[in-house]
Structure formats: C-alpha cells, structure tokens
Amino acid sequence: MSNASRLLVVDDDQDLRDTLAEQLGFYDEFQVATAENATGAIDAVKGDRIDLAIMDVGLPDMDGREAVKVMRQNGFRSPIIMLTAQGSDSDTVMGLEAGANDYVVKPFKFAVLLARIRAQLRQYEASEDAVFQIGPYIFRPGSKLLTTDKGSKLKLTEKETAILRYLYRAGQSVVGRDTLLTEVWGYNSNVTTHTLETHIYRLRQKIESDPSNATILVTEPGGYKLIP
C-alpha cells in the first residue's frame, strides 16, 4: 500500500523492537523502520518521511525525552508516542513537555498501542503539519503545496488541495463524482460535475507529465482515484 503510514520504532530492547516491528508490519496500513538508540532515531527522521515515531524513554545514548526535544528542534512535526516503565504523573508531564504527543506505560497491550497509533495518525492527517507522498510529489495540504524531490514547488488552490486530500485518504479506491462534490463543495446546488471535471483537468495540468494520459490522478468507471 503506497500511502501506508511510515512508523519508526525506537527501543534498545531488541526483542521488544523486533516484536513491535513484526506485529505492526502485519498491517498493510503501516511501513515500519527501527532504530536502537536516540542517534539512530534523530538521523532516521532527518533522512526519510516518518509519519509517527514510537520512542522508548530509556535509550542508551540519550534520554528519550531529550531526543524528542532534538527531533522537534530539527523540525520533525509528526506525532511521537513515548514508551516508559515509569507511570508517574511527573514522568508523563516531562515527556509531553519535551514534545511527545502521547505516553504508553510498559508493560502494555499491543491493541492499546495500536489504537493510540491510529488515533495520533488521524489527528496528524487533519493537522496543518501533515505531509503525504503522492507519486513523485510531497503533498503538504496545510501549505497547499506539492514539492518535487528537486525542490520545485507547485501551488494548489483550496479546492485542488481538498480533492487530493480526499482521494489520498481513499487509498486506491475509486471515489465517485457525487462523493467528491459533496466532500469538497458541500451541498451546494450550484455546483455540478462540470465544476469538478474542470478542477480535475487543471490539477492534471499541474501534476501530470502528460495530462492527456494521466498516470497519477486517473479516471475510472464511476469516478477518480490516485495512483502512487
């Protein structure tokens, strides 16, 4: 699944790290990377797009909370869930103040962590900081921008941004024209499928190398879908 969320699991306990990576890897909605220390985590979020990090507090080279501070200072905006053996209120407050979004106390049930991950990702996707991969572009809906790996920027309109965001969230499912009209324009009787088709045409002029032969935003029977 090309638009799977990219998770980073950071823990010096190899058994726990490998177990979490394996269990999360069973879900098509996730791609999982791992790091065994704070240095590896800091480097990982610099080098690749990471949608959520799971950070242990007790790392061998640096306190996990200090590592979170560094990651935030370096511009990492994705959610961070901290794992700790300490369940005190003060410990939780310290982690959250360092920049973590949530706290899970060891030992924990995998189902609980999974629910926390999904909740944080949902909140992140709705935020201004969200970043997604669409074909050769990095999509920043909060900034209404598509950026290439060479740094070129394509400015999107509000409606174009909304169309891409909705199609992205649909995975590779076909989204019907009426659904897109409702989701992007709301119940506006003055808006027709011609309005939608005009916006799709303009989007293709921006993002497709050959707009007449679309390979990213494609037409399917009944609607449209995004191809990674």
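The model is predicted: local features need pLDDT of at least 70, side-chain atom pairs count only at pLDDT 80 or more, and totals for chains, interfaces and linings use all residues. Residues are numbered from 1 along each chain as its sequence is written, and side-chain values use heavy atoms, with hydrogens and water left out.

**Overall build**

- The chain contains eight helices and 12 strands; helices (H or I, at least four residues) and strands (E, at least two) are DSSP runs, numbered from the N terminus.
- Along the principal axes, the C-alpha atoms fill a box of roughly 60 × 35 × 30 Å.
- Of the 228 residues, 42% count as buried; buried means under 20% relative accessible area, exposed over 50%, and partly exposed in between (1.4 Å probe, protein chains only).
- The accessible surface of the chain is about 11,600 Å², and 46% of this belongs to carbon and sulfur atoms. Accessible areas come from the Shrake-Rupley method with a 1.4 Å probe, and for residues only the protein chains shown count as cover.
- Among contacts in the chain with a separation of 6 or more, 56% come from residues 24 or more positions apart; a contact means heavy atoms within 4.5 Å.

**Charge and the negative patch**

- The chain carries 26 positive and 32 negative side chains, and the centres of the two sets lie 8 Å apart. Lys and Arg count as positive and Asp and Glu as negative, while His and the chain ends are not counted. The place of a charge is taken as NZ of Lys, CZ of Arg, CG of Asp or CD of Glu.
- Asp-12, Asp-13, Asp-15, Asp-18, Glu-22, Glu-36 and Asp-61 form a patch of negative charge on the surface. Patches are made of residues with over 30% relative accessible area and no salt bridge, with like charges joined within 9 Å and nonpolar side chains (Val, Leu, Ile, Met, Phe, Trp, Tyr) within 5 Å.
- Asp-13 sits in the loop between strand S1 (5-10) and helix H1 (14-25), and Asp-13 is partly exposed at 36% relative accessible area.

**Salt bridges**

- The structure holds 10 salt bridges, each defined as a side-chain nitrogen of Lys or Arg within 4 Å of a carboxyl oxygen of Asp or Glu.
- Glu-29 and Arg-118 meet through their side chains in a salt bridge (2.8 Å, N to O). This pair links distant parts of the chain, 89 residues apart: Glu-29 is in the loop between H1 and strand S2 (30-35), and Arg-118 is in helix H5 (residues 110-125). Glu-29 is partly exposed at 30% relative accessibility, and Arg-118 is partly exposed at 28%.
- Lys-206 forms a salt bridge with Glu-160, with the closest N and O atoms 2.7 Å apart. Lys-206 lies in helix H8 (residues 193-207) and Glu-160 in helix H6 (residues 158-169), so the pair ties together parts that are 46 residues apart in sequence. Lys-206 is partly exposed at 30% relative accessible area, whereas Glu-160 is buried at 2%.
- Arg-177 and Glu-197 also meet in a salt bridge (3.9 Å, N to O). Arg-177 belongs to helix H7 (residues 177-185) and Glu-197 to helix H8, so this pair ties together parts 20 residues apart in sequence.

**A buried lysine**

- Lys-225 lies in strand S12 (residues 223-226) and is buried, with a relative accessible area of 16%.
- Not counting residues up to four places away in sequence, Lys-225 touches Leu-167, Gln-172, Ser-173, Val-174, Ile-216, Leu-217, Val-218 and Glu-220.
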